[in-house]
Amino acid sequence: MADIIAETERLILRTIDEGDAVEQDRLLNTPAVMERLGGVKELHEIEAKHAKSRALYAQEGFSFLFMIEKATGEMVGHCGIKRVDNPLASNLGDHEVGWLVREDRWRRGYAEEAMRAVLDWAFGRVDAPHVVALTSDLNVASWKLMEKLGMVRRKDLDFDDPAYPPEDRTTILYSITKEQWESAR
């Protein structure tokens, strides 16, 4: 049974449950949504990420969540907190936040609404001292939201990841501290 972590005006943010992989594959795993995230994934890859998220939630009390639209009850996105786990990153173990929204719900403010709740969770119950977010230079919508949330570009933490296509190979990072988040609210 999924846990509800937060509610916003339009969204319920809940933990990942058994069987969610098929729904994520259908609604979120599209070429447009996954364009800057390494491309469309195989169902078994989504299932493996879900297992990892459930284990992280059981062990540390945070993970990635689904955004459920209150008006329709539909899954409209994925967001949450995990640990930086890319071995090429110099900040392994930091709290990392991220999100994606299904294409037919773009430009409605869902990512910002969800991420404000996730940052409250990160700096509240999770008690993270700071969080980072990762993207590529070409994912303009992503890093613009990071800036809107008060995150600061951290060029010192950038790294190249050959697992991504050349245009997305350089991973750029933004961060925000608990103090920065609280003073901006």
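K148 is exposed, with a relative accessible area of 55%; here exposed means over 50%, buried under 20%, and partly exposed in between, using a 1.4 Å probe and protein chains only. Salt bridges that share partners join E69, E74, R102, D104 and R105 into one network.

A word on the ground rules: this is a predicted model, in which local features need pLDDT of at least 70 and side-chain atom pairs count only at pLDDT 80 or more, while totals for chains, interfaces and linings use all residues. Residues are numbered from 1 along each chain as its sequence is written, and side-chain values use heavy atoms, with hydrogens and water left out.

How many salt bridges does the structure hold? There are 19 salt bridges, each one a side-chain nitrogen of Lys or Arg within 4 Å of a carboxyl oxygen of Asp or Glu. Three of these pairs are listed here.

| Salt bridge | N to O distance |
|---|---|
| D20 and R14 | 2.8 Å |
| R54 and E18 | 3.3 Å |
| K148 and E112 | 3.0 Å |

K148 and E112 form a salt bridge. This pair links distant parts of the chain, with K148 in helix α5 (residues 140-148) and E112 in helix α4 (residues 110-123), 36 residues apart. Helices (H or I, at least four residues) and strands (E, at least two) are DSSP runs, numbered from the N terminus.

The side chains of R54 and E18 also meet in a salt bridge. That pair links distant parts of the chain as well: R54 belongs to helix α3 (residues 43-60), and E18 to the loop between β2 (11-15) and α1 (20-27), 36 residues apart. R54 is partly exposed at 28% relative accessible area, whereas E18 is exposed at 60%.

Is the pair of D20 and R14 buried or exposed? D20 is buried, with a relative accessible area of 8%, and R14 counts as buried too, at 17%.

Now for the nonpolar cores, which are sets of buried Ala, Val, Leu, Ile, Met, Phe, Trp, Tyr and Cys residues joined through side-chain atoms within 4.5 Å. The largest has 37 residues, of which L13, M67, V97, V131 and M151 touch the most other members. Helix α4 gives the most to this core, with ten residues. Apart from it lies another core of ten residues, including L27, L28, M34 and F64. In soluble globular proteins, nonpolar side chains tend to be buried together.

Finally, the whole protein. Its secondary structure comes to six helices and nine strands, and buried residues make up 48% of its 185 residues. The C-alpha atoms fill a box of roughly 40 × 40 × 35 Å, taken along the principal axes.
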